[in-house]
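Subject: A structure for you to explore

Hi,

Here is the structure I promised to pass on.

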Amino acid sequence: MALKIWMNTGLVDESEAKLSVFDHGLLYGDGVFEGIRVYGGVVFEHEAHIDRLFDSARAIRLAMPMGKDELRAAVETTVKANAIEDGYIRLIITRGVGTLGLNPFLCRDSGLIIIADKIQLYPEEFYENGMKVVSATTVRNHPLALSPKIKSLNYLNNIVAKIEALDNDVPEAIMYNHLGYVAEATGDNVFIVQKGVILSPPPEAGGLGGITRDVVIRLARNEGYEVLERNLTRYDLYTCDELFLTGTAAEVIGVVEIDKRTIGDGKPGPITRLLRERFYSHARGENR
Ligand code: PMP
């Protein structure tokens, strides 16, 4: 069935949802976005996603086409118009139509696109048996050059690392920062478990401030686990008891091999499985 897409001021048919070739979102990757889940018709962590989007926009001096409440309402309208019970929302703000030059201030109005669709998850087998990853040689963007907290339309740094993963026949790559510390995966945040303690790189290491990450940290602390933000090295990943990734699309997923080294006993560990379960039922409102 053709989707209804929100374009700027209202819903249009998918076939009408078109953008100018002069939109700087296309010409320069000049824009910001969010990926958001819908569980049981409810937009998950809606406020946190809208807040992050506004922060991303503010950081690049991108004018938002509407206020937070109005934007939330537009997202809800798009979800309902497509009868999405369980799905994925892509919320995009582009700099808008401008000239061929860089100058963002010559662009007319910012563009707003909201797509609500079904989601393609990793195969169930990955959740049960765990995933394999490699270390990317592509260094994550220097956090002082362009803050990775800005969820921008330019994902080339991550895409080049993703290609390294795919070339190695694995679905994900771990990215390290300019100092050699773990930053994040190409589309997910990284956690390890070491002697019962849960560790994740601090935001300064150069990862996105993941919303799933925040929720998982809260859930883990509720379970009585100590969660610490620590710089992690490749050695830490090679020697940890458990390794898992978090993200909007992946939720919580165990990693059982990195660079051909088996993690733990080669199966998703007990803490990974517990947090996956807790996250799964939390997101679907089973414990509310
Ligand atoms: N890092 C990157 C680079 C991402 O693209 C994502 C997915 N949006 C994440 C981490 C995870 O963030 P979140 O939990 O907010 O989806």
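Into which domains is the chain divided? Domain 1 covers residues 4–117, and domain 2 runs over 124–287. Please keep in mind that this is a predicted model. If you take the centres of the two domains over their C-alpha atoms, 26 Å separate them. Domain 1 gives 24 residues to the contact between the domains, while domain 2 gives 20 residues.

Now to the ligand. You will find it in the largest pocket, with 15 residues around it. The closest of these are Lys151, Tyr155, Glu184, Thr212 and Thr248.

- Lysine 151: an N or O atom in its side chain is 2.6 Å from a nitrogen atom of the ligand.
- Threonine 248: a polar atom of its side chain lies 2.5 Å from an oxygen atom of the ligand.
- Isoleucine 211: here a polar atom of the backbone is 2.8 Å from a ligand oxygen atom.

How much of the ligand does the protein bury? Taken alone, the ligand exposes 390 Å², and the protein buries 94% of that.

Enjoy exploring, and write back with any questions!

Best wishes

Key
Residues numbered from 1 in each chain as written. Predicted model: local features only at pLDDT ≥ 70, side-chain atom pairs only at ≥ 80, totals over all residues. Heavy atoms only, no water. Near = heavy atom within 4 Å. Polar contact = N/O pair within 3.5 Å; in protein donor to acceptor, adjacent residues only side chain to side chain. Areas by Shrake-Rupley, 256 points an atom, 1.4 Å probe, with all protein chains shown as cover. 1 Å grid on protein atoms, 1.4 Å probe; cavity = no way out; pocket = protein on both sides within 12 Å on 5 of 7 lines; lining within 4 Å. Sits in = over half its atoms within 2 Å of the grid points. Domains from an automatic or database assignment. Contact = heavy atoms within 4.5 Å.
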